[in-house]
Amino acid sequence: MASILIKDGFIATMDTQQTVLQQGDILIQNDRIQEIAKKINPSVPPDQILDAKHKVVLPGFVNTHAHLQQYFRGLYELIGEFYDVNLPLEGYRQPQDMEYLGLASCAELIQGGCTTSVILYTYPDGFARAAEQAGIRVLLAADIEEVNLEKLREGIYEYMPQKGEAGFQRAVDLHRDWHGKANGRITTLMMPKAADLTLPETYRKCKTFADQHGLLISSHVSQSGQELRQVQKLYKKTPPQHLFDLGILDNNFLAAHCAYATDQDLALIHKTGTRILQCRFLYSPFVRWMEMGIPISLGTDDYFHDMLMMFRELIAGQADRAAHQLDSAEQFFAANRITRRPSAYEMLELATRKGAEAIHREADIGSLEVGKKADLILIDTMNPFITPTMDPLTSVVLYGSSNDIKTVIVDGQILKKDGEFTTLDLNSTLTTAQTYVEEILDRFFKEHPHQKEIWTKKTMYLHGFNQ
Ligand SMILES: [Zn+2]
C-alpha cells in the first residue's frame, strides 16, 4: 500500500450533501482518502496513477446481507424449493471446503463492486481466510440454527439445542480468531438465523455476547409464510413482536427481509431503530419503509452478488407490482402499499452511504470523503448502453453491468485493475470451486436420489450428473 492518484473521474461522493465532481481527482495515501479536488498536483509523485476519464467513481457498495450459496447455480433454480433443497444442501458443505469455495465468492463480490459485505455462513473460518487473501472488507457471522433440516423438509420442526450450542460456539470462536483482523477489514457479528429456526434462549445468549463485545446482531425476520405460522404456533406472535419481547430489537439489530411485516410490526421496527435489510423480495414496499424513517440498506442474499442487477430488479418490482393481480400469498404484501418508484440515485445511496449507516460504519466507509477508508470502484461508461448520457449515474444504474466495474479498491489496495483481478488468480479460483461443488453435489445426490431424479429430468442435455 502506498499512494494512488485517481485522475479525471466523474466522482459521485455519495456524501450527505450529494456532492458530485463532474471531473475530479482523488488522492489515496495508504488505506485512506487524503484529498478530493477538481485538480490535484501532489507534492510527492504518487506510486500509481489511475486514469478515470469516462469513468464513474463511486464508494464501493456495502452489501448488508449475503450468504455463500451461489455455488449451486443450475440446481437451485431447477429444483428450487428452499426448505427442500437449499437448507439441506448447506449441511453438505464441509468446513474444509470453504477456503476454496470462499475465494470464488470473494471474486464474485469484487466483480459486483461490493467492497464491504455482511456474510452469513455456517462455517465462516475458511471464508475468513479467503477474504483475508482476496482483500475485501467483511462483517462475518457464523449463523446459528437449531432444527433438524432433514425433518424440516417435511414441514416438521424438531429442535436440537445441542446444534444451537455448537453454532453459538462457532460464533464465539470466530469472534476470538478474526474480529478486527487484516487491518480491521474483517470483523464479526452474531446471527441467530430466524425466529422459527433458533430458540429464544439462543437469541438471548447472542444478545448478551453482542452487547459485551459491541457487535451487531442480524437475523431473518418475517421472511416466509412457514416462519410466520411456526412463530405464531409457538409464541402466538409475529416474528418482530416475538423478537421485541425478547429484547432483541434495537438500532444494533439488522432484520433481513421483513416481507410479511404488518403495520404493527413496522411501528415496533421504527420505534426501536431496527434496520431492515432489503434483499430480493421485489415487492416489499421498501420505499414506504424509507419514508417512514426506517433505516434501509441492501443485500444480495443467497443467489448472486450483483448489486447493479439488483437495483433494476427492485426498481421494476416497485413499479410493476400494482399492475399485477395478487394471489392469496401476496395479499399479505398488499397491506403494505408501495408508494412510488425509487430513483436511480436513491438506489445508489442505499448501496453506499445508507448501507454504511445501517451497520454503523459511516465514519469510515459508504461515501468518498477526506479521511475515510479508500474503498471505491471505477465504472467504465465507454459502453454503447451508457454513453451518450446527460446523467452517468442514472445510466449506470439502469443500463450498466457489473462487467463495467473495471477497478475495485479496498483499504487502499487495488483488488481489480482495468478488469483484471490482482489478488486472485481468477481462472484457478473458479475451476477449483467447480471441482468442489461437483463433489458436494455428488454427496448430496447419493443421499437424496429423489432430488437427483428431479434435477436430471430437468437437465436431460447434461446426461446425468458427474458422468
Ligand atoms: Zn438471507
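The site of the zinc ion is irregular, with angles of 87 to 173 degrees among its four donor atoms. Keep in mind that this is a predicted model.

Which residues hold the zinc ion? The zinc ion is coordinated by His65, His67 and His220, each through NE2, and by Asp301 through OD. The distances run from 2.1 to 2.4 Å. Along the sequence, the spacing of the donor residues reads H-x1-H-x152-H-x80-D. Histidine 220 and aspartate 301 are 81 residues apart, and the pair links distant parts of the chain. Histidine 220 sits in strand 11, residues 217-221. Aspartate 301 is in the loop between strand 14 (296-298) and helix 12 (307-320). Are these two buried or exposed? Both histidine 220 and aspartate 301 are buried.

The largest pocket has a volume of about 730 Å³. It is lined by 27 residues, and the closest to its centre are Phe82, Asn86, Gln223, Phe281 and Asp302. Which helix supplies the largest share of this lining? That is helix 2, with five residues. Helix 2 covers 82-90, and helix 1, at 76-79, also supplies at least two residues of the lining. By class, the lining of the largest pocket divides into nine nonpolar, nine polar and nine charged residues.

The second largest pocket holds about 520 Å³ of space. Its lining has 25 residues, and those nearest the centre are Gln70, Tyr71, Arg73, Gln434 and Val437. Helix 17 (426-447) and helix 3 (98-111) each give at least two residues to this lining. Helix 17 gives the most, with eight residues.

You will find asparagine 148 in the loop between strand 8 (137-144) and helix 5 (149-152). Why is asparagine 148 called buried? Its relative accessible area is 17%, and buried means under 20%, so asparagine 148 counts as buried. What does asparagine 148 touch, if residues up to four places away in sequence are not counted? The contacts are with Glu158 and Met160.

Methods
Residues numbered from 1 in each chain as written. Predicted model: local features only at pLDDT ≥ 70, side-chain atom pairs only at ≥ 80, totals over all residues. Heavy atoms only, no water. Donors = N, O, S within 2.8 Å, 3.2 Å for Na, K, Ca; no water. Tetrahedral: all angles 85-135°; square planar, octahedral: opposite > 155°, others 65-115°. Helix = DSSP H or I, 4+ residues; strand = E, 2+ residues; numbered from the N terminus. Buried < 20%, exposed > 50% of the residue type's maximum accessible area, 1.4 Å probe, protein only. 1 Å grid on protein atoms, 1.4 Å probe; cavity = no way out; pocket = protein on both sides within 12 Å on 5 of 7 lines; lining within 4 Å. Points joined across faces, edges and corners; volume = space filled by probe spheres on them. Nonpolar A, V, L, I, M, F, W, Y, C, P; charged D, E, K, R; others polar. Contact = heavy atoms within 4.5 Å.
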